[in-house]
Amino acid sequence: MRRLRVLPSTVLQNIRVESLNLDRNKLKNVTGISKLCNLKKLILSKNELLEFPEEIKSLVHLEKLELNQNQIWIIPEGVFPCLPKLRHLRLNNNRLDALPKDLAACNSSLQYLNLSNNLFRAIPSTVLELRRLQEFYVQNNLLRQLPVGLFKERPLRTFKVNGNPLREPPSEVCAGGIQQIISYFNQLQTCQAEEDRRVKTMFLGASLAGKSTICKSLKQRRAVPVSEEERTVGIEISEFHIGDFTFLFWDFAGQLEYYMTHHVFITPQALVILVINFHQYQLNPDIFKELVGFWINNLFMRVPNSVVLPVGTHIDCCNGKEVEEKKRDIMTKIQAMLEERKTNLAHLVANLEDSEESEFYMDQWDRLKEMENSTLTILNLMPVNCTDYQDIKKLETTILEHVKNEEIFPNIIQMLPPVYKKVEAAIVDIAQSEDTPEHGMMDLSILLSELSRRDHLAKLDRELLQDILRYLHRIGLILWYEEIKQLEGTVFLRPAFLITMFKTLIRYGLVQQLENISVDILVGEHATIRDQASWVWMFKSKAMLCQAAMRALLKHQLYSESMKDIFEEMVGHKSQKGKLFILLQHFEICLEVRNMEELNPGAREFVPGKPWEGLLDCGAAHYLFPTYLNRSEEVSEMWGGDHPEDLQVRTYFSPEIPEGFFQRLMVKACSFYSAHWVAKVTCLLICSGKPLLIKENNQKAYSYIELRCRKPGKITEFQLAWDFIMAIISIIQKLSEDWPGLHMSVKAPCRTNGCPAEFVWPDVDGKSTVTKEEIKTCGLCGHLFQTELLLPKVPNEREMPQPPARSSAPHYYVTSYGTTTFGPSSINVNRQSILDN
Ligand SMILES: Nc1nc2c(ncn2[C@@H]2O[C@H](COP(=O)(O)OP(=O)(O)OP(=O)(O)O)[C@@H](O)[C@H]2O)c(=O)[nH]1
């Protein structure tokens with residue numbers, strides 16, 4: 001990390017050295033390295049090597065070699081036979097598309113090989129000879145096929161292959177891990193793979209754009225008028241064939257209320273049709289942002305590698321010139337967004353590289369580099385008049401041309417063992433059979449025995465059937481949430497049903513739905529009209545629904561003959577939670593609140609470092625839906641206003657905070673800290689009597705979530721304060737993993753009043769101590785601060801240093817907080833100690 005361009009002679013003189021780390025320099029070659037013939041470990045990661053350094057062949061004792069993040073494109077023959085002890089080889093993030101054949105010479109030593117982020121189109125045959133290989137990484141290459149031999153006769157423990165256009169086995173099989181891949185290949189031992197051409201197509205776009213109209217017209221092969229009353233609620237799924245391709249259409253409702261669940265259903269490897277109403281579209285940035293930019297940003301964040309076909313509707317309401325102008329405007333602005341994203345990422349990378357302590361930002365650097373490698377493919381915008389079937393036909397032809405284009409969709413054709421297709425057909429058959437209720441919910445064991453009762457599937461073992469079910473879950477044909485304990489035994493043969501259930505609670509106009517519940521249903525639920533009024537009041541003012549209200553609501557919307565038998569199971573009752581709520585909670589859409597008092601004095605608190613105990617079972621459950629919250633005053637009041645001395649941290653998001661992110665954060669955080677207040681864009685948590693405020697600020701190019709704690713009065717209290725903040729930051733980090741194209745960085749604003757500088761936090765992976773420095777200096781105002789005021793550091797009580805006196809030392813205001821009562825404990829905050837020199 002010294003920005004070296006050549007190897008310093010002092011390094012080369014010490015020939016006894018066994019380990020040399022030259023990570024993150026600017027080396028273009030390592031001339032002279034052969035002198036260090038005792039080296040066992042050589043790290044040359046993140047340099048500027050274009051050529052593989054041939055001198056390495058003299059390092060015959062080498063056991064570990066890391067050449068990742070260079071620009072090497074070829075490795076010559078003749079090196080590896082000289083390295084008989086090589087165990088660990090990192091070549092990721094280069095430009096390699098082949099390996100020398102003689103790598104096989106390391107077959108009895110090499111255990112770790114990383115080839116990810118290169119340009120391999122196939123697994124090099126020499127890898128198959130590495131009999132000792134235990135860990136193998138090939139993510140983000142151009143692989144289409146995996147050789148069966150890779151999974152035979154070697155102790156392979158870790159194999160990562162995501163980010164490849166795989167056909168054989170399909171990515172959805174590989175996602176199941178080595179065992180599932182082996183089971184896939186076992187099936188192919190006795191029969192040929194069959195082609196499967198299926199395209200998940202997602203229709204996205206603002207409300208009333210024409211998504212359902214296009215979907216329905218394509219399906220029914222005529223121009224289908226859709227009335228406003230038929231607007232999409234939640235998501236609608238349908239299947240449709242064009243040519244020999246099967247399309248699974250996912251029609252997403254355009255209203256804001258539904259965005260909350262988008263992360264659950266917007267999945268990678270799909271064709272996205274972004275529908276824009278040209279009649280509504282105007283050549284101004286706000287309208288662009290609303291009708292187009294918002295969706296492009298969402299796709300950047302959630303599925304950064306997808307293919308987007310923009311479609312402009314309602315062109316019959318515009319003249320020809322207008323259509324051309326709007327089309328050009330949209331395409332130019334989208335291109336500008338792609339460019340802006342590229343520059344932003346490059347800028348963020350450069351900032352990290354230029355920082356003085358770049359070694360502390362490795363994880364952030366890696367993640368940014370990965371983001372730089374993936375981008376949306378935007379196809380040419382297609383204007384259509386949905387009332388004219390000729391236009392719909394043209395759209396159909398265009399879609400077909402695109403999906404057939406291997407450059408755009410390299411893995412649209414997947415190779416499957418015939419048994420996969422057979423099981424799928426049997427499941428479709430079971431789902432459609434008269435004996436299966438409309439909801440299509442089935443016990444796993446019943447389904448498995450149903451399947452094995454079919455002649456041609458009778459011999460399949462349970463493990464294989466489950467593997468195939470996992471595959472069908474990943475492609476979205478069925479839903480089987482194995483990872484949720486209470487649902488592992490249930491398969492949803494009709495995903496649309498589950499979505500219908502979601503839609504009953506996550507929808508626009510929920511208040512009217514509550515108001516419209518009939519007296520009959522109320523009586524059936526032992527409720528009165530007064531109860532109903534209080535449900536409405538509760539929902540309007542607190543965004544909460546009690547169990548009884550939810551039961552009545554679902555009955556009101558769903559009750560049909562076929563639902564009767566599963567109603568209890570889905571909705572649950574006082575003592576048992578229904579499946580629907582388990583799912584809503586799993587996807588962090590609502591929060592179970594057990595006590596309606598403002599604060600629950602009996603609540604057990606989460607204390608960092610101690611095992612977390614669940615909520616006390618006190619009273620009937622209420623469910624809070626943070627998306628529906630509309631006020632913030634209560635939380636602000638409880639918090640009592642910001643103070644300049646608060647410990648303050650911001651997590652910035654680029655390009656922006658995804659819709660629903662903050663609400664999910666609240667649900668997650670509040671399920672850890674039982675004493676909490678939640679409002680629209682802010683939330684207050686209490687841990688050991690100390691408050692922590694979380695606030696969202698989602699402005700263009702300036703989106704962050706702010707965390708604030710009162711400055712600890714005593715040195716010993718810093719530990720708790722930082723643990724608390726770190727717990728929330730790790731929740732934010734964990735959540736952001738659902739958006740692979742979202743960049744997040746943590747900063748602490750300078751503590752000088754009015755100074756806009758910020759201290760960027762190093763990687764927070766919990767492994768390394770963040771910093772050892774006692775004092776931090778602001779690069780802008782020059783003021784010095786004790787590190788624990790900016791970063792998770794606990795001051796040493798005995799040796800607490802004083803910042804050296806300076807003429808421009810910071811000036812702190814003296815404030816008195818007085819006594820504030822926060823729930824179970826009251827905090828008496830006296831005058832803060834002042835760091836003024
Ligand atoms: N004149 C005209 N009307 C259209 C066109 N496309 C859609 N419409 C009408 O516009 C209205 C809205 O269309 P939908 O297909 O329901 O829009 P959507 O995007 O699915 O809307 P949400 O369900 O709210 O998400 C319907 O009344 C359609 O008949 C078009 O190209 N020209």
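Helices (H or I, at least four residues) and strands (E, at least two) are DSSP runs, numbered from the N terminus. Axes are lines fitted to C-alpha atoms, for helices over the stretch in contact, and angles run from 0 to 180 degrees between N-to-C directions. What you see is a predicted model, where local features need pLDDT of at least 70, side-chain atom pairs count only at pLDDT 80 or more, and totals for chains, interfaces and linings use all residues. Residue numbers start from 1 along each chain as its sequence is written.

**View 1. Helix α10 packs with helix α12.** Residues 418-432 form α10 and residues 462-474 form α12; their axes lie 10 Å apart at an angle of about 75 degrees. That makes α10 roughly perpendicular to α12 (65 to 115 degrees). Tyr-420, Val-423, Glu-424 and Ile-427 of α10 meet Leu-465, Ile-468, Tyr-471 and Leu-472 of α12 (contact: C-beta atoms, placed from the backbone, within 7 Å).

**View 2. Seven strands form an open sheet.** The order is β1-β2-β3-β4-β5-β6-β7, with parallel pairing (at least two DSSP bridges between two strands). β1 (19-21) and β7 (158-160) are at the edges with a single partner strand each, so one side of each has no neighbour in the sheet. On average, neighbouring strands are turned by 5 degrees against each other, direction ignored.

**View 3. Strand β1 runs parallel to β2.** Three bridges join β1 to β2 (residues 41-43), and Ser-19 has Lys-41 in β2 as its bridge partner.

**View 4. The ligand is surrounded by 25 residues.** The closest are Gly-210, Ser-212, Thr-213, Gly-254 and Cys-386 (C-beta atom, placed from the backbone, within 6 Å). Helix α4 (residues 211-220) gives the most to this shell, with three residues.

Key: Angles under 35 degrees count as roughly parallel, over 145 as roughly antiparallel, 65 to 115 as roughly perpendicular and the rest as oblique. Two residues are in contact if their C-beta atoms, placed from the backbone, lie within 7 Å.
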